Every structure is written in C-alpha cells, then in structure tokens.
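Keep the viewer open and follow along.

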Amino acid sequence: IRQRGHSIDNEEYLQGICGVALPVRNSEGAIVAAISVHAPLERTSLAQVLDFVPEIRSAADAMSLTLEW
C-alpha cells in the first residue's frame with residue numbers, strides 16, 4: 001500500500017466486489033480519512049476500477065489541501 005499509494009480490494013471484503021481506496025491527509029501528512037470506490041465484478045473488472053486511481057488521487061489531494069488540522 002505504501003509503495004502504490006492506494007489499497008486494493010479484490011473480493012477480500014465481499015465476494016463479487018472489487019475496489020480501490022486512497023488516503024486523505026491533513027496538513028502534517030497524517031492519514032485522517034480515505035476515499036474508496038467499489039464496484040460489482042459482474043459489471044466491471046478490477047483493472048477498470050484501477051483506471052480511476054488518478055481521478056481519486058486528485059480528489060483525495062484536493063481534500064487534503066483543505067484540511068488544516
């Protein structure tokens with residue numbers, strides 16, 4: 001997770017569901033929240049969900065900029 005900067009859920013939590021999560025950090029760099037996207041594998045694939053990582057990272061970074069605590 002630390003190397004990639006995100007975590008992957010490939011049916012570990014719930015069968016038939018895959019997802020990705022990225023951290024939201026405060027101004028000191030501590031993780032204070034996360035953004036995740038999950039989808040049913042019958043409608044998508046893990047590879048397709050991972051295609052959203054850049055957009056999710058942008059959203060997480062934007063949220064991080066607003067946190068001053």
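Start with the hairpin made by β1 and β2: six residues lie between the two strands, and E11 in the turn has a positive phi of about 70°. Bear in mind that this is a predicted model. β1 covers residues 7-10 and β2 covers residues 17-25, and the two pair in the antiparallel sense over four bridges. If you want to find your way along the pairing, S7 sits opposite A21 in β2, while N10 has C18 in β2 as its bridge partner.

Now carry on to the next hairpin, the one formed by β2 and β3. Five residues separate the strands here, and G29 takes a positive phi near 90°. β3 spans residues 31-40, runs antiparallel to β2 and is joined to β2 by nine bridges.

| Strand pair | Sense | Bridges |
|---|---|---|
| β1 and β2 | antiparallel | four bridges |
| β2 and β3 | antiparallel | nine bridges |

Put together, the strands make an open sheet of three, in the order β1-β2-β3, with antiparallel pairing. β1 and β3 are at the edges with a single partner strand each, so one side of each has no neighbour in the sheet. From one strand to the next, the twist averages 20°.

Stepping back, the protein chain has two helices and three strands, and reading along the sequence gives the pattern β-β-β-α-α.

Next, the inside. The largest nonpolar core has 12 residues: C18, V20, L22, V24, I35, A39, L46, V49, V53, I56, A60 and L67. The elements that give two or more residues to this core are β2, β3, α1 and α2. β2 gives the largest share, four residues.

Setting aside neighbours within four places in sequence, L22 is in contact with G5, H6, A33, A34, I35, V53, I56 and R57.

Is G19, buried or exposed, worth a look too? G19 is buried, with a relative accessible area of 0%. This glycine lies in strand β2. Not counting residues up to four places away in sequence, G19 touches S7, I8, D9, V37, H38, L46 and V49. G19 and A47 are 28 residues apart in sequence, yet their C-alpha atoms are 9.7 Å apart in space.

Then there is T44, which has its place in the loop between β3 and α1 (46-50). T44 counts as buried because its relative accessible area is 18%, under the 20% cut-off. The side chains of T44 and Q48 are joined by a polar contact of 2.8 Å. Leaving out neighbours within four places in sequence, T44 is in contact with C18, A39 and V49. C18, A39 and V49 are among the residues of the largest nonpolar core.

Finally, a few figures for the whole chain. Of the 69 residues, 28% count as buried. The accessible surface comes to about 5000 Å², and 54% of that belongs to carbon and sulfur atoms. Along the principal axes, the C-alpha atoms fill a box of roughly 40 × 20 × 20 Å. Among contacts between residues at least 6 apart in sequence, 47% join residues at least 24 apart.

How values were computed: Residues numbered from 1 in each chain as written. Predicted model: local features only at pLDDT ≥ 70, side-chain atom pairs only at ≥ 80, totals over all residues. Heavy atoms only, no water. Pairing = 2+ DSSP bridges. Axes fitted to C-alpha atoms, helices over the stretch in contact; angles between N-to-C directions. Buried < 20%, exposed > 50% of the residue type's maximum accessible area, 1.4 Å probe, protein only. Polar contact = N/O pair within 3.5 Å; in protein donor to acceptor, adjacent residues only side chain to side chain. Contact = heavy atoms within 4.5 Å. Core = buried A, V, L, I, M, F, W, Y, C linked by side-chain atoms within 4.5 Å. Areas by Shrake-Rupley, 256 points an atom, 1.4 Å probe, with all protein chains shown as cover.
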